[in-house]
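Subject: Structure handover

Dear colleague,

I am handing over the structure below, and after it you will find my notes on what was found in it. Please read the cut-offs along with the values.

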Amino acid sequence: MAEADHRAAVHANGEDFADQLAWRRLTARHGDRLAAIMDEHGWPTADRVGADAARAAWLIAQHADRQLDVQRRALRLMGRAVAEGSAAPRELAFLHDRTRVNEGREQRYGTQIAGVRDGRPIPWPCEDPARTDEFRAEVGIEPFDVYVARFPPA
């Protein structure tokens, strides 16, 4: 699923509406499959399914933008796994922000980009912008300016 996601993600916001629809259908199928996996096994941690599959589960949850129930559930289950030391706080932070943005709420870690202004990526609104880099450091995410420097120029 992660490989298909990576191949299709370039079309998520493209100009071809058929490609956008294909992306939406793909992420919905993957979200449904992740929901079934969570029903049967809980959160797929690296110690249970391997590092690649655990990261793929996070990616699928991250891209389940039209399935907030799946994102919220993944967030809860992954949060427990992080508390137990069996999942990455960094990935949980990205899912936390993505879910909050999809709920129309402010993000905490500044991981979700709203757009580009004057050639610079701008995050969706953050709950405490002055402390965003502090929050990022707590979960192992580089400062915002370092993070967005990796983005291709707009």
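About 780 Å³ of space lies in the largest pocket, where a pocket is, on a 1 Å grid over the protein atoms alone, an open set of points where a 1.4 Å probe fits, with protein on both sides within 12 Å along at least five of seven lines, and where the volume is the space filled by probe spheres set on points joined across faces, edges and corners. Of the 22 residues lining this pocket, those closest to its centre are Ala9, Gln62, His63, Arg98 and Gln112; lining residues are those with an atom within 4 Å of a point. Two or more lining residues come from each of helix H1 (2-9), H2, H4, H6 and strand S1 (113-117), with helices (H or I, at least four residues) and strands (E, at least two) taken as DSSP runs numbered from the N terminus. H4 gives the largest share of the lining, four residues. By class, the lining has ten nonpolar, six polar and six charged residues, counting Ala, Val, Leu, Ile, Met, Phe, Trp, Tyr, Cys and Pro as nonpolar, Asp, Glu, Lys and Arg as charged, and the others, Gly among them, as polar.

Before the rest, a word on the source. This is a predicted model, in which local features need pLDDT of at least 70 and side-chain atom pairs count only at pLDDT 80 or more, while totals for chains, interfaces and linings use all residues. Residues are numbered from 1 along each chain as its sequence is written, and side-chain values use heavy atoms, with hydrogens and water left out.

Leaving aside neighbours within four places in sequence, Leu34 is in contact (heavy atoms within 4.5 Å) with Trp43, Pro44, Ala57, Ile60, Ala61 and Val70.

The structure also holds three aromatic pairs, meaning rings of Phe, Tyr and Trp (its six-membered ring) with centres within 6.5 Å, where planes under 30 degrees apart count as stacked, over 60 as edge-to-face and the rest as tilted. Trp58 and Phe94 form an edge-to-face pair, 6.3 Å centre to centre with 90° between the planes, and this pair links helix H4 to helix H6 across 36 residues. Trp58 counts as buried because its relative accessibility is 9%, the cut-off for buried being under 20% relative accessible area, with exposed over 50% and partly exposed in between (1.4 Å probe, protein chains only). Phe94 and Tyr147 are likewise edge-to-face, at 6.0 Å and 70°, and both are buried. Ring pairs link Trp58, Phe94, Phe144 and Tyr147 into a cluster.

Finally, two threonines. Thr111, in the loop between H6 and S1, is buried at 3% and touches residues including Phe94 and Tyr147. Thr99, in helix H6 (residues 89-102), counts as buried at 1% relative accessibility and touches Leu68, Gln71, Arg72 and Leu75, not counting residues up to four places away in sequence.

Best regards
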